Amino acid sequence: MNLTELETRFPDRTASWREAGIELSADADGMVWVRRQGEPIGIVRGSDRFPGRFGYCELITESWPVAFPAGFLPPDPVKALDGERARWLSPPAPAPDRIEADGR
């Protein structure tokens with residue numbers, strides 16, 4: 001999905017993103033980059049698994065995309081990114097005490 005298709009199919013969503021300061025730009029490969037203050041936070045691209053559909057990915061880092069279900073655009077990409085970064089980058093919760101095989 002290119003930028004024109006995205007804006008045509010989702011005019012309200014793209015308008016609300018822009019009102020929130022989110023920048024949208026297309027690249028030569030047909031992906032739409034979603035940026036906050038110049039930082040890439042997401043991409044919209046054709047779905048690998050579902051021909052003719054698109055996929056939205058949050059960028060945990062520039063080289064680590066996390067895909068959302070095909071056809072889904074988050075209402076607030078910044079909030080979605082914050083949630084995904086917390087999910088993937090936070091240290092794991094402490095494990096409860098384990099009981100060893102010998103019962104100790």
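User: In this predicted model, why is Arg-36 called partly exposed?

Analyst: The relative accessibility of Arg-36 is 23%. Buried requires a value under 20% and exposed a value over 50%, so Arg-36, at 23%, counts as partly exposed.

User: What makes the contact between Arg-36 and Glu-39 a salt bridge?

Analyst: The closest N and O atoms of Arg-36 and Glu-39 are 3.3 Å apart. A salt bridge requires a side-chain nitrogen of Lys or Arg within 4 Å of a carboxyl oxygen of Asp or Glu, and the pair at 3.3 Å therefore qualifies. Glu-39 has a relative accessibility of 28% and thus also counts as partly exposed.

User: Which parts of the chain does the salt bridge between Arg-85 and Glu-39 tie together?

Analyst: The side chains of Arg-85 and Glu-39 meet at 3.0 Å, N to O. Arg-85 belongs to helix H3 and Glu-39 to strand S3, so the bridge ties together parts 46 residues apart in sequence. Through shared partners, salt bridges join Arg-36, Glu-39 and Arg-85 into one network. Arg-85 is partly exposed, because its relative accessibility is 22%.

User: How many salt bridges does the whole structure hold, and why does the one between Glu-7 and Arg-18 tie separate parts together?

Analyst: A search of the whole structure finds four. One of them joins the side chains of Glu-7 and Arg-18 at 2.6 Å, N to O. Glu-7 is in helix H1 (residues 3–9) and Arg-18 in helix H2, so this pair connects parts that are eleven residues apart in sequence. Glu-7 counts as partly exposed because its relative accessibility is 29%; Arg-18 does so at 38%.

User: How do you know that the end-to-end distance of helix H3 agrees with its number of residues?

Analyst: Helix H3 covers residues 77–89, which is 13 residues, and at 1.5 Å a residue it should span 18 Å. The C-alpha atoms at its ends are 17 Å apart, which agrees with that expectation.

User: Why are the buried residues of H3 placed on the same side of the helix?

Analyst: The buried residues of H3 are Pro-77, Val-78, Ala-80, Leu-81 and Glu-84. Around the axis they cover an arc of only 155°, which puts them on the same side of H3. Lys-79 and Arg-87 are exposed on the other side. Among the elements covering the buried residues are helix H2 (11–19), strand S3 (39–46) and strand S4 (54–61).

User: What caps the N-terminal end of H3?

Analyst: Asp-76 does, with a side-chain oxygen 3.0 Å from the backbone nitrogen of Val-78.

User: Why is Ser-47 called buried?

Analyst: Ser-47 has a relative accessibility of 18%, and the limit for buried is under 20%, so Ser-47 counts as buried. Ser-47 sits in the loop between S3 and S4. A polar atom of the Ser-47 side chain lies 3.3 Å from the backbone nitrogen of Arg-49. Beyond residues up to four places away in sequence, Ser-47 touches Arg-53, Phe-54, Gly-55 and Ala-70.

User: How many aromatic pairs are found, and what makes the pair of Phe-10 and Phe-54 edge-to-face?

Analyst: The whole structure contains five aromatic pairs. The ring centres of Phe-10 and Phe-54 are 5.5 Å apart and the planes stand at 75°. Edge-to-face applies over 60 degrees, so the pair is edge-to-face. The two residues are 44 apart, with Phe-10 in the loop between H1 and H2 and Phe-54 in strand S4. Phe-10 is partly exposed at 22% relative accessibility, whereas Phe-54 is buried at 2%.

User: Which residues form one aromatic cluster?

Analyst: The cluster consists of Trp-17, Tyr-56, Phe-68 and Phe-72.

Notes
Residues numbered from 1 in each chain as written. Predicted model: local features only at pLDDT ≥ 70, side-chain atom pairs only at ≥ 80, totals over all residues. Heavy atoms only, no water. Helix = DSSP H or I, 4+ residues; strand = E, 2+ residues; numbered from the N terminus. Expected span 1.5 Å × (residues − 1). Buried < 20%, exposed > 50% of the residue type's maximum accessible area, 1.4 Å probe, protein only. Arc of directions from axis to C-beta. Contact = heavy atoms within 4.5 Å. Polar contact = N/O pair within 3.5 Å; in protein donor to acceptor, adjacent residues only side chain to side chain. Phe/Tyr/Trp six-rings, centres within 6.5 Å; stacked < 30°, edge-to-face > 60°.
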